[in-house]
Amino acid sequence: AQPQAMSMGHTPGPRLASAVTLCSFPFFTLLPFLPLRKKVNPRAFREVELEYLPAKLSCRVAVVGSGPSGLACAAVAAARGHKVTLYEKGAEIGGQLALASRMPAQWEFTETLRYYRTELKHYEVEVLLNTAATGAMILDGDYDVVVLCTGVVPVIPEGFASSYSNGEEASAASSDGKATTVCTAAEVLLGIVEPGQTVVVVGGGSLGRDVAEFL
């Protein structure tokens, strides 16, 4: 529920939670002292102690990056009464959320993105797509606060770095003379790199499993 939003006459609809909560029943019983958290909702399990009250002084706020943290920061700051500008160097908001929503097992993130689009529009957040924030832009904007939410950089394991395509079709020759392209999961999900018929996914965590299913 969104009690604060409803009290202000704004009902954005429920924020669909990620299917993965950082807990389970055995986890409750074995480690009951650990705080519970949700991937995309900083107030989850802390609704009483973490209140978003109207700001006493309205500020000009620049949020750089529109991934999960950037979206939450921009939406909350604007809801509290600040004037917010959100910079995103890509063509769409979402960052890792947008990537995850492309995978069959993570479809629920499309609703999370819908929720934030509704919030940004309602609170009149200025969203600048295809805009990589620079120092000059920030200085020209005369912001009171700048929040960096630029996300993560993929790690290219040692031994693969020399063959990393960086989104290009350039490739390295394998031992049998065939061309081998090394790319990141993001490049595959965004369609920047088109994988061939034989693919090796390095990493068997949740991302590796989801990308394998996607392929």
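A residue is termed buried when its relative accessible area is under 20%, exposed when this is over 50%, and partly exposed in between (1.4 Å probe, protein chains only). Of the 215 residues of the protein, 32% are buried by this criterion. The structure is a predicted model, in which local features need pLDDT of at least 70 and side-chain atom pairs count only at pLDDT 80 or more, while totals for chains, interfaces and linings use all residues. Residues are numbered from 1 along each chain as its sequence is written, and side-chain values use heavy atoms, with hydrogens and water left out.

Confidence is expressed as pLDDT, the predictor's confidence in each residue on a scale from 0 to 100. The protein has a mean pLDDT of 80, and 73% of its residues reach 70 or more. Where pLDDT is low, the predicted coordinates should not be read in detail.

Secondary structure was assigned from DSSP runs, with helices (H or I) of at least four residues and strands (E) of at least two, numbered from the N terminus. Eight helices and six strands are present in the protein. Along the sequence these elements follow the pattern α-α-β-α-β-α-α-β-α-β-β-β-α-α. Among contacts between residues at least 6 apart in sequence, 60% join residues at least 24 apart.

Helix α3 comprises the 12 residues 68–79. The buried residues of α3 are Gly70, Leu71, Ala72, Ala74, Ala75, Ala77 and Ala78. Their cover includes strands β1 (60–64) and β2 (83–87), together with helices α4 (96–100) and α5 (109–122). Just after α3, Gly81 adopts a positive phi of about 110 degrees.

Nonpolar cores were defined as sets of buried Ala, Val, Leu, Ile, Met, Phe, Trp, Tyr and Cys residues joined through side-chain atoms within 4.5 Å. The largest such core has 27 residues, of which Val63, Leu71, Ala74, Val84, Leu86, Leu120 and Val125 touch the most other members. At least two residues of this core come from each of β1, α3, β2, α4 and α5. Helix α3 gives the most to this core, with six residues. A second, separate core of five residues includes Ala62, Tyr87, Ile138 and Tyr143. Apart from its neighbours within four places in sequence, Val125 is in contact with Ala74, Ala78, Val84, Leu86 and Leu120.

Phe109 is located in helix α5 and is buried, with a relative accessible area of 4%. The C-alpha atom of Phe109 is separated by 6.2 Å from that of Leu97, a residue 12 places away along the chain.

Charged pairs were then examined. Side chains of opposite charge can pair when their charged atoms come close. With a salt bridge taken as a side-chain nitrogen of Lys or Arg within 4 Å of a carboxyl oxygen of Asp or Glu, the count comes to two. In one of them, the side chains of Arg102 and Glu92 meet at 2.9 Å, N to O. Arg102 lies in the loop between α4 and α5 and Glu92 in the loop between β2 and α4, so this pair ties together parts that are 10 residues apart in sequence. Arg102 is partly exposed at 33% relative accessibility, as is Glu92 at 32%. A salt bridge also joins the side chains of Arg114 and Glu111 (2.8 Å, N to O). Because Arg114 and Glu111 are three residues apart in helix α5, they are separated by about one helical turn. Arg114 counts as partly exposed at 28%, and Glu111 likewise at 31%.

Cysteine residues were considered last. With a disulfide defined as a pair of cysteine sulfur atoms within 2.5 Å, the count comes to zero. Cys149 is in no disulfide, and the nearest cysteine sulfur, that of Cys73, is 5.0 Å away. Cys149 is buried, with a relative accessible area of 10%, whereas Cys183 is partly exposed at 27%.

Note on methods. Expected span 1.5 Å × (residues − 1). Contact = heavy atoms within 4.5 Å.
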